[in-house]
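User: Hi! I have a model open and would like to talk through a few spots in it. Could you walk me through them?

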Amino acid sequence: MASIIDIKLPRSIASALRLPKRNAKTQQQKVLKKLLKKARFTEFGQLYRFDEILLSKNIEKSFQQLVPVHDYNKIYERWWEKTLEGKPDITWPGKIKYYALSSGTSEASSKYIPVTEDLLKSNTINYIKQLISVFGYKQANKKSLTKDFLIIGGATNLQKGEAGWFAGDLSGILAKKRPFWFQTFYKPGGRIAAIADWNQKLNEIVDNAHKWDIGYIVGVPAWCQMCMEMVIERYKLANIHEIWPNFGFFVHGGVAFEPYKKSFDKLLGKPIVYVENYLSSEGFIGYKMKEDRGIQLVTDNNIFFEFVPFDNCNFDAEGTIVDHPEVKLIDEVEVGREYALLMSTNAGSWRYLIGDTIKFQDKEKAEVIITGRTRHFLSLVGEHLSVENMNRAIQDANDHFNISIQEYTVIGLPYEGYFAHRWYVATSDPVNHQELIAFIDNKLREINDDYATERTSALKEVFIEVLPPETFMKFMELKGKLGSQHKFPRVMKGRMLLDWENFLKTGQI
């Protein structure tokens with residue numbers, strides 16, 4: 001089967017149209033060649049001899065040999081900082097007009113990620129492809145797609161730099177650059193979308209909720225859930241479908257949805273379709289084609305992917321990548337093995353470590369699951385506890401105790417000459433704390449052999465504190481991270497941990 005915008009065609013028709021069979025390796029080769037050609041006259045392209053790479057027999061291997069791997073600090077200090085000064089043709093042709101401010105979950109300050117017009121065009125293509133893909137969902141209510149789209153995102157009122165660029169949440173940039181034909185369907189509209197204060201924005205959305213016929217909601221789960229809860233409370237509703245009867249799709253990304261699903265289901269009057277996409281500040285990475293499949297990487301548009309095995313050979317104990325890591329191409333990966341993701345894009349990211357870890361579920365279809373972050377894992381004594389493991393344990397705990405844990409975070413600490421984990425979970429539902437942590441501990445032993453081994457040796461104890469959801473939200477507000485782009489870290493380390501512990505003691509950071 002071949003495809004046009006991921007719509008499957010019979011082989012006979014595909015053959016008649018001379019459409020190539022989908023092949024991720026071939027597509028990636030074309031994407032890399034296109035990126036190198038476009039950027040060969042930039043400072044970056046000249047230094048790393050893009051012209052020479054393009055003339056080589058094996059472009060991918062030459063690219064890997066000549067161009068180093070970058071994390072944010074490395075590429076910012078050497079290259080991107082120049083673009084903030086207004087200098088053109090640094091890592092991508094022309095001047096950079098927009099910068100996405102990343103959430104900075106584990107860092108003290110936000111990162112400035114270049115967003116080019118080329119990237120925005122590529123993202124638009126992927127959004128359209130994703131929209132078409134929802135017709136593959138069995139339970140999809142197609143009528144919902146003709147109703148209003150509520151996008152709960154960052155402020156479109158962007159900050160302006162001295163060199164003439166604009167910076168803000170990626171969702172705010174995308175909303176500001178939305179196509180004209182989308183205006184009729186787009187909610188909450190330009191005025192509300194421009195509001196920077198998150199609480200004010202939510203209240204404005206709630207005030208206007210009765211005027212809209214929402215069929216499709218897009219956003220980070222925690223904030224969308226909060227918005228729907230506020231609407232239900234304001235209008236004295238039993239569920240969200242009493243005010244938005246055509247609500248049929250929730251499109252989410254950025255964090256695993258499993259811990260939120262039970263809470264979402266309680267807000268509904270009838271089933272909806274949950275659609276997962278994989279969107280980062282650096283680009284639109286992929287989306288789910290069907291409910292029971294993994295996220296399909298977009299291999300034929302604007303991103304060249306590479307994969308670094310996420311192990312002790314390539315990363316230190318803090319999740320920092322080594323200078324010369326082992327790197328795999330898309331046809332060299334193994335199903336089930338965990339990789340850190342490198343991306344080269346049409347926004348001037350080159351062999352850039354975005355910080356996510358993934359596993360391939362289907363190599364031929366380039367389908368993956370997101371397992372966590374390179375810095376958001378616990379391995380004090382070799383337990384190698386990933387966010388994927390934690391999410392699964394929380395989801396099973398929700399089902400087992402019939403509760404809704406809306407947020408959580410985990411820390412590692414010394415304990416009686418050995419080590420321990422402490423969980424902080426947010427739920428308003430009554431639950432026996434000791435039974436809950438015993439269930440989570442046993443579930444992690446089942447799904448993680450390394451964890452099970454260490455629980456009989458150096459990892460001596462597991463503790464838990466059950467907190468109101470408002471505690472987590474208040475902390476994020478004090479950190480200046482209240483809003484759609486910001487996610488609560490699943491593992492606390494460093495400065496964030498010190499602020500969290502001080503907040504729990506004093507209410508301040």
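**Helix packing and a few residues**

Analyst: Happy to! Helices H10 and H11 cross in a right-handed way (the near helix is turned clockwise from the far one by less than a right angle; left-handed would be anticlockwise). This is a predicted model, where local features need pLDDT of at least 70, side-chain atom pairs count only at pLDDT 80 or more, and totals for chains, interfaces and linings use all residues. Residues are numbered from 1 along each chain as its sequence is written, and side-chain values use heavy atoms, with hydrogens and water left out.

User: At what angle do H10 and H11 cross?

Analyst: Roughly 45°, with the axes of H10 (residues 198-208) and H11 (residues 221-234) coming within 9 Å. Axes are lines fitted to C-alpha atoms over the stretch in contact, and angles run from 0 to 180 degrees between N-to-C directions. Helices are DSSP runs of H or I with at least four residues, strands are E runs of at least two, and both are numbered from the N terminus.

User: So what do we call H10 relative to H11?

Analyst: H10 is oblique to H11. Under 35 degrees counts as roughly parallel, over 145 as roughly antiparallel, 65 to 115 as roughly perpendicular, and the rest as oblique.

User: Which residues make the contact?

Analyst: On H10, they include Trp 198, Leu 202 and Ile 205, and on H11, Trp 223, Met 226 and Cys 227 are among them. Contact means heavy atoms within 4.5 Å.

User: Is Cys 224 buried or exposed?

Analyst: Buried, because its relative accessible area is 1%. Cys 313 is exposed, at 64%. Buried means under 20%, exposed over 50%, and partly exposed in between, using a 1.4 Å probe and protein chains only.

User: Last one: where is Ser 349?

Analyst: In the loop between strands S15 (338-345) and S16 (352-362). Ser 349 is buried at 2% relative accessible area. Leaving aside neighbours within four places in sequence, Ser 349 touches Ile 75, Trp 80, Glu 282, Met 343 and Ser 344.
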